[in-house]
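The following explanation is intended to be read alongside the sequence and the coordinates. Please keep both in view while following the text.

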Amino acid sequence: MSWWLSPNEAEALLLSLRVAFWSVLIGLPFGIAAAWLLARRTFFGKTLFDSLVHLPLVVPPVVVGYVLLITLGRKGFIGGWLYDTFGLSLIFTWRGAAIAAGVMSFPLMVRAIRLSFEAIDQRLEVAARTLGASRIDVFFTITLPLALPGILAGIVLAFARALGEFGATITFVSNIPGETRTLPLALFTFTQTPGGEDSAIRLVVISLALAIAALIASEMIARRVRRQIGS
Amino acid sequence: MGRNMLDVAVKHAFPNFQLDVSFAAQSAGITVVFGESGAGKTTLVNILSGLTRPTEGRIVVGGRVLLDTQLGTDLSPDQRRIGYVFQDGRLFPHFRVAKNLTYGYGRRRRRTERRITFDQVVNLLGLSELLERRVTGLSGGERQRVAIGRALLTSPTLLLLDEPLANLDLPRRRAIIPFIERLRDELAIPIVYITHDQDELIRLADTVVLLDHGRTVASGGLENTLSRLDLGGLTGGIDAGAVFSVSVAGHDDAFGLTKLNFDGGELVVSRLAIPHGTRLRIRVRARDVALALEKPRDISTLNVLSGKIIEMSSGSGPQVDILIDVGKPLWARVTRKSTADLALAPGKLVYALIKSVAFDRFVEQS
């Protein structure tokens, strides 16, 4: 058995990395905003909002995929608008896969960032205000840098989760080679194909390596940043 | 009201606490707001800095209205230009010392608002060795010096120090007080200094504001305010005493003594290692003063000051506090029995005896 990836397998790996990258990039601003709201604000319907954010963690991924399909599909009320206005189609595309991965990894990202917002000494923000910084200024120069360990941890966790996304992806954007067949989908396909065992093993090893690397990276980054900001 | 540097009159209602504070300072210099914990000091500080909005009030600093609830003026903390030094320093852990210092400086965009330079502050507070250090590696005293520098670099129109020495041990306090005195002498901005420490009050105050249960019970010059008998309980039951501003008039090397002059008299104390002409504040504790009706002879006590009794405390305790005018107000604490035996009463001429070793506090004044 060769340890080198076949072109099909390499394609799935690269696609997965691209999908995960974009899912995290697009999810991050929303993740920071949601984490901040949950950590710092009280508002009507906060509990409901909190539940909604966490929903992808507990709902069967197929359900999330199906909800995406009926809202973001071309006949869906958001998907239809996107298609009519921008000519943008998410269904059966790698962009749709990124959305599905982003939604599924969102709760993990928010949890990590929220914890770090909650750990910040808010008296430092008050001090910054008395030094002439506006609220928004304080957020970008004090709050966000101090939350950096949590944000980085959230990014890495969400990235790892996005790499492994399966159920919502296959439901929403199907399993199209080169477009939406990410690593887990390719692995699934190989296990269903006679003679695909070698390919499957190689993809399993890669998946494991990526996951372990992500967790180690997350821990190292967090340790380094913690040392830098001295907490 | 005239052109005061600082005018404060604020009221704030909490569910079970009322704050009603007013005071003014005519010139730059240190206004010490003194009170026990629970007196409302922190609330006052938060109102001054704009972190708490009072029910009603008016705050004017150097002619600039920061708050006027009647006019609807209420500047936010970042617009008030008050340099707030917190009890706990609150340095930013993700910046080095230099960047902590310049945080507020960079936020004064208009050059004309910048009245103090980075180098001036570094020199004033002796920070040059610390600039590249991480904040987490600083000692308590260094942290507070950086915090003061950071506040100063916002070019504040008022410097607000909220118990800046409370978390420091005695040697560090002693080390940092001269820096605060330099601020007073070299910057023309009013300083409001919050404390519950009597030594800091006596050493630093030009103007005193006494707070008790949310109210200003007295405000004014240090000596006059502290001499008020009705404030005895507030200015420290144990350590009640008079504060004298004196200057060194000479030394007696043969006997190891130093003569101190004050308006209206002279005191002799154990030799002080400070030069002729130096001004100091000393405290004479009430419990170290004895009274006699006739000028005593053949007595070891070197300091005998005569004066009339101005006021006496009333009450049923075993002790009576007596205020005597010896050119300055002087306190004596004697037993109720002695008061009766000597028939002490306001207006009576008495001799106050103070042992030369009884001056427990000598504080250098620049």
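Which residues of helix 2 (residues 97-105) of chain B are buried? The model is a predicted one, and in it the buried residues of this helix are Val97(B), Asn100(B), Leu101(B), Tyr103(B), Gly104(B) and Tyr105(B). Burial here refers to a count of 20 or more other C-beta atoms within 10 Å of the residue's own. The cover over these residues includes elements of both chains: helix 6 of chain A takes part, together with helix 3 (118-125) and helix 4 (140-152) of chain B.

Helix 6 of chain A leads on to the contact between the chains. To this contact chain A gives 18 residues and chain B gives 20. On the side of chain A that touches chain B, at least two residues each are supplied by helix 6 (122-130), helix 7 (135-146) and helix 11 (197-229) of chain A. Helix 6 of chain A provides the largest share of that side, with 7 residues. In terms of residue class, the side of chain A that touches chain B consists of 10 nonpolar, 6 polar and 2 charged residues.

Chain B may now be considered as a whole. Its secondary structure amounts to 8 helices and 21 strands. With a radius of gyration of 23 Å, close to the 21 Å that the globule rule gives for 366 residues, chain B is as compact as a globular protein of that length. The C-alpha trace of chain B spans about 70 × 50 × 35 Å along its principal axes. Buried residues make up 39% of the 366 residues of chain B.

Strands of a sheet pair through backbone hydrogen bonds, in either a parallel or an antiparallel manner. Within this sheet, strand 17 (residues 303-312) and strand 18 (residues 319-325) of chain B run antiparallel and are joined by 4 bridges. Opposite Leu323(B) in strand 18 of chain B stands Glu311(B).

Methods: Residues are numbered from 1 along each chain as its sequence is written. Chains are lettered from A and ligands numbered from 1 in the order in which they are written. This is a predicted model: local features need pLDDT of at least 70, side-chain atom pairs count only at pLDDT 80 or more; totals for chains, interfaces and linings use all residues. Two strands pair if DSSP finds at least two bridges between them. Two residues are in contact if their C-beta atoms, placed from the backbone, lie within 7 Å. Ala, Val, Leu, Ile, Met, Phe, Trp, Tyr, Cys and Pro count as nonpolar, Asp, Glu, Lys and Arg as charged, and the others, Gly among them, as polar. The radius of gyration is taken over C-alpha atoms; the globule rule is 2.2 Å times the number of residues to the power 0.38. A residue is buried if 20 or more other C-beta atoms lie within 10 Å of its own, exposed if 12 or fewer, and partly exposed in between; C-beta atoms are placed from the backbone.
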